[in-house]
Each structure stands twice: as structure tokens, then as C-alpha cells.
Amino acid sequence: MILPIYLYGQPVLKKVAEDITPDYPQLSELIDNMFETMHNAEGIGLAAPQIGLAIRLVVVDLDVLAEDYPEYKEFRKVYINAHIIEGSDETDSMEEGCLSLPGIHEKVTRPSRIHVKYLDENFVEHDEWVDGFLARVMQHEFDHLEGKVFSDRLSPLRRQMNKNKLLNLAKGKASCAYKTKRVLR
Ligand code: NI
């Protein structure tokens with residue numbers, strides 16, 4: 001089932017998300033719905049706050065990048081209770097976009113490598129260092145779990161440049177091809 005994607009301005013996107021337990025109601029159905037919602041919107045990552053749930057659940061599918069990054073062929077992952085432990089001093093700058101901020105694309109500087117802990121869909125623990133494009137996607141998605149979106153990480157100048165777009169989004173003015181939940185005024 002395709003769920004509406006909550007857009008910038010929705011309070012849930014500013015909440016710190018909570019860990020969940022294996023008895024979370026209809027979890028596997030929720031995960032399926034998140035993948036379907038993400039694919040429908042042509043995204044590569046989706047965090048539960050973006051569908052209105054302040055829980056630490058993220059889905060990622062990087063298969064669409066396999067032409068440029070062969071290591072991501074059929075790379076589909078579920079991250080539960082994900083937490084970033086630390087990041088490298090070395091950073092990268094890369095353009096990002098977000099299904100909750102349609103129409104905005106900006107370069108964001110982030111650590112090149114991150115130490116993460118999470119559970120997979122079988123609630124098996126993982127503790128690893130991640131680099132490359134995946135580290136970028138994880139940091140973007142896991143930010144959603146801390147109540148942050150990528151525009152929060154822009155320089156004051158770049159934020160100023162996007163001020164009107166952000167204001168319009170916060171007022172519920174956005175055009176996108178997928179189903180959304182936006183502020184109505
Ligand atoms: Ni996002």
C-alpha cells in the first residue's frame with residue numbers, strides 16, 4: 001500500500017524517533033508499505049517519520065544506482081533502531097534531495113565514514129563502519145530519526161537561497177507526482 005509522504009512543515013519530521021521492539025504491530029507489513037511508497041516516489045531511502053511515524057525504522061534501496069556503483073546491485077536494506085556512534089574527520093560534499101522536500105537539491109557536507117549500530121529486519125544486531133555512497137544515504141536517513149532534514153545542515157547562505165522554497169513547502173505549497181501529507185492553511 002502506498003502511504004502519503006509527509007512534507008517539510010509537518011511536526012513529525014522534527015521529532016526524535018523512538019526505538020521499537022519486535023512486537024511492534026504489523027511491522028513486516030509496514031516495511032513492505034515503506035518500500036512500495038519509496039519506489040513509487042522514486043526514492044532510494046525512506047525513514048518512518050516521513051510517513052508520519054516517529055520510530056527508528058528506515059528502508060534503503062540502492063539498486064537503481066547499480067550502473068554507477070556495481071556493489072549496490074540488488075542492495076535493499078532495512079535499518080531498525082539505527083544510531084550513528086561516530087563519524088570520520090574526513091568529509092565529503094555531495095548533492096542531496098529528499099522526498100519530504102520536493103524541489104530542493106543542495107550540496108551537503110558530511111563525514112565520509114560512519115560507525116553505525118542497527119538491527120536488521122530479523123532484529124539481528126549489526127555494528128559496522130560504512131563508507132561510500134551508502135554512508136551518505138544512511139546519514140541522510142538517520143538524520144530523519146533525530147528530527148533533522150538536510151536543509152538544517154546547509155550554510156546560512158544556502159539556506160537563505162532556499163528560503164522561499166522552504167516557506168512554500170511549510171505552507172503546503174508543493175508540486176510532486178506522489179501522494180503527500182502537507183500542512184493545509
Ligand atoms: Ni530525506
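Buried or exposed: which word describes histidine 140 and histidine 144? Both residues are buried (buried, under 20% relative accessible area; exposed, over 50%; partly exposed, in between; 1.4 Å probe, protein chains only). The model is predicted, so local features need pLDDT of at least 70 and side-chain atom pairs pLDDT 80 or more, while totals for chains, interfaces and linings use all residues. Residues are numbered from 1 along each chain as its sequence is written, and side-chain values use heavy atoms, with hydrogens and water left out.

**Figure 1**
Histidine 140 and histidine 144 belong to helix H2 (residues 132-145), where a separation of four residues places them about one helical turn apart (helices, H or I, of at least four residues and strands, E, of at least two are DSSP runs numbered from the N terminus). An α-helix has 3.6 residues a turn, so residues three or four places apart point the same way.

**Figure 1. Five strands form an open antiparallel sheet.**
The strand order is E2-E3-E4-E7-E8 (two strands pair if DSSP finds at least two bridges between them). E2 and strand E8 (125-130) are the edge strands, each pairing on one side only. On average, neighbouring strands are turned by 35° against each other, direction ignored (axes are lines fitted to C-alpha atoms, for helices over the stretch in contact, with angles from 0 to 180 degrees between N-to-C directions). H1 packs on this sheet, touching E2, E3 and E4, and its direction makes about 45° with that of E3 (contact: heavy atoms within 4.5 Å). H2 lies across E2, E3, E4, strand E7 (114-119) and E8, and runs at about 85° to E4.

**Figure 2. Strand E4 is bridged to E3 and to E7.**
Five bridges join E3 to E4 in an antiparallel arrangement. Valine 60 stands opposite lysine 77 in E4, and valine 58 is opposite tyrosine 79 in E4. Five bridges also join E4 to E7, again antiparallel; here isoleucine 84 faces valine 116 of E7.

**Figure 3. Isoleucine 80 is a buried residue of strand E4.**
Its relative accessibility is 0%, so isoleucine 80 counts as buried. Not counting residues up to four places away in sequence, isoleucine 80 touches Ile20, Leu27, Arg56, Leu57, Tyr118, Leu119, Asp120, Glu121 and Phe123. Between isoleucine 80 and leucine 134 there are 54 residues in sequence and 16 Å in space, C-alpha to C-alpha.

**Figure 4. Helix H1 carries buried residues that are covered by strands among other elements.**
The buried residues of H1 are Leu27, Leu30, Ile31, Asn33, Met34, Phe35, Thr37 and Met38. Their cover includes strand E1 (5-6), strand E2 (45-47), strand E3 (57-61) and strand E4 (76-87). The 14 residues of H1 (residues 27-40) should span 20 Å at 1.5 Å a residue, and the end C-alpha atoms are 20 Å apart, in agreement (expected span: 1.5 Å times one less than the number of residues).

**Figure 5. Tyr69, Tyr72, Phe75 and Phe133 are linked by ring pairs into a cluster.**
The whole structure contains five aromatic pairs (rings of Phe, Tyr and Trp, the last by its six-membered ring, with centres within 6.5 Å; planes under 30 degrees apart are stacked, over 60 edge-to-face, the rest tilted). Tyrosine 69 and tyrosine 72 form a tilted pair, because their ring centres are 5.6 Å apart and their planes lie at 40°. Tyrosine 72 and phenylalanine 75 make an edge-to-face pair, 5.5 Å centre to centre with 70° between the planes. Tyrosine 69 is partly exposed at 28% relative accessibility, whereas tyrosine 72, at 6%, is buried. Phenylalanine 75 is buried at 14%.

**Figure 6. Glutamine 26, asparagine 81 and glutamate 42 have positive phi values.**
Most residues other than glycine have a negative phi. Glutamine 26 has phi near 50°, lies in the loop between E1 and H1 and is exposed, with a relative accessible area of 61%. Asparagine 81 also has phi near 50°, but lies in strand E4 and is buried at 11% relative accessibility. Glutamate 42, which follows H1, has phi near 60°.
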